[in-house]
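Hello,

Here is the structure I promised to pass on to you. Have a look at it first, and then read on for my notes on what turned up.

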Amino acid sequence: MSILNQGKPARMRTVYGNNLTDTTEVVYTCPANCVAELTFVHVINAGGSTNSITLNIYVAADAYVSNFLAGKSLGSGEFITFIDIDVILQPGDEIRVTPTSAGHIDTILTVTETFIPVG
């Protein structure tokens, strides 16, 4: 085994969001020393009434918000899952979830963070 061929260290993380209001929740922010690969998104309406969900990707380098999912109506207990995605996030990029009304929206994301060496 060569010490020069070990690759970059990475970690896989599952992060959770729990939004009980109608304000935007930042579920994940890519750390300053990483590039992250988003591979799984699950959003469920755990509240008692129908709610519409918007899921955004904030691109920090351009101060731009991209709609990943916009205005998706979810009834009580309904969910939407993306299992075969591959979105690359740069340092400072965010995954944001905004419901149209107060309720109980849970979000689960899986990301793999690859550390960027300093220097």
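**An aromatic pair**

Searching the whole structure turns up one aromatic pair. It is formed by Phe68 and Phe82, whose ring centres are 5.0 Å apart and whose planes meet at 75°, so the pair counts as edge-to-face. Phe68 belongs to strand S5 and Phe82 to strand S6 (residues 79-82), so the pair ties together parts that lie 14 residues apart in sequence.

**The model as a whole**

Please keep in mind that this is a predicted model. The mean pLDDT of the protein chain is 91, and 92% of the residues score at least 70. Among the elements, S2 has the highest mean pLDDT (97) and strand S1 (residues 10-19) the lowest (92). The stretch to treat separately is residues 1-6, where pLDDT stays under 50. For that stretch the model has one contact beyond four places in sequence.

As for the fold, the protein chain has nine strands and zero helices, giving the pattern β-β-β-β-β-β-β-β-β along the sequence. Its C-alpha trace spans about 55 × 30 × 20 Å along the principal axes. Taking the contacts with a separation of 6 or more, 79% are between residues 24 or more positions apart. Of the 119 residues, 36% count as buried. The chain exposes about 6,700 Å², with carbon and sulfur atoms supplying 54% of that area.

**The nonpolar core**

The largest nonpolar core is made up of 23 residues, and Tyr28, Leu38, Val43, Leu89, Ile95 and Leu109 have the most contacts inside it. At least two core residues come from each of strands S2 (25-29), S3 (34-45), S4 (51-59), S5 (64-74), S7 (87-89), S8 (94-99) and S9 (105-115). Which strand gives the largest share? That is S3, with five residues.

Beyond its neighbours within four places in sequence, Leu109 is in contact with Arg13, Thr14, Val15, Val27, Tyr28, Leu38, Phe40, Val41 and Ile95.

**A buried asparagine**

Asn45 is another residue I would like you to see. Asn45 sits in strand S3 and counts as buried because its relative accessibility is 0%. What does its side chain meet? A polar atom of the Asn45 side chain lies 2.8 Å from the backbone oxygen of Leu74, and the backbone oxygen of Gly75 is 3.4 Å from a polar atom of that side chain. Leaving out residues up to four places away in sequence, Asn45 touches Thr50, Asn51, Leu74, Gly75, Ser76, Gly77, Glu78, His104 and Ile105.

**A positive phi**

Finally, there is Ala63, in the loop between S4 and S5. Its phi is near 50°, a positive value in a residue other than glycine. Ala63 has a relative accessible area of 58% and is therefore exposed, whereas Asn45, at 0%, is buried.

I look forward to hearing what you make of it.

Best wishes

Methods: Residues are numbered from 1 along each chain as its sequence is written. This is a predicted model: local features need pLDDT of at least 70, side-chain atom pairs count only at pLDDT 80 or more; totals for chains, interfaces and linings use all residues. Side-chain values use heavy atoms; hydrogens and water are left out. A nonpolar core is a set of buried Ala, Val, Leu, Ile, Met, Phe, Trp, Tyr and Cys residues joined through side-chain atoms within 4.5 Å. Buried means under 20% relative accessible area, exposed over 50%, partly exposed in between (1.4 Å probe, protein chains only). Helices (H or I, at least four residues) and strands (E, at least two) are DSSP runs, numbered from the N terminus. Contact means heavy atoms within 4.5 Å. A polar contact is a pair of N or O atoms within 3.5 Å; within protein, one must be able to donate a hydrogen and the other to accept it, and residues adjacent in sequence count only if both atoms are side-chain atoms. Rings of Phe, Tyr and Trp (its six-membered ring) pair if their centres lie within 6.5 Å; planes under 30 degrees apart count as stacked, over 60 as edge-to-face and the rest as tilted. pLDDT is the predictor's confidence in each residue, from 0 to 100. Accessible areas come from the Shrake-Rupley method with a 1.4 Å probe; for residues, only the protein chains shown count as cover.
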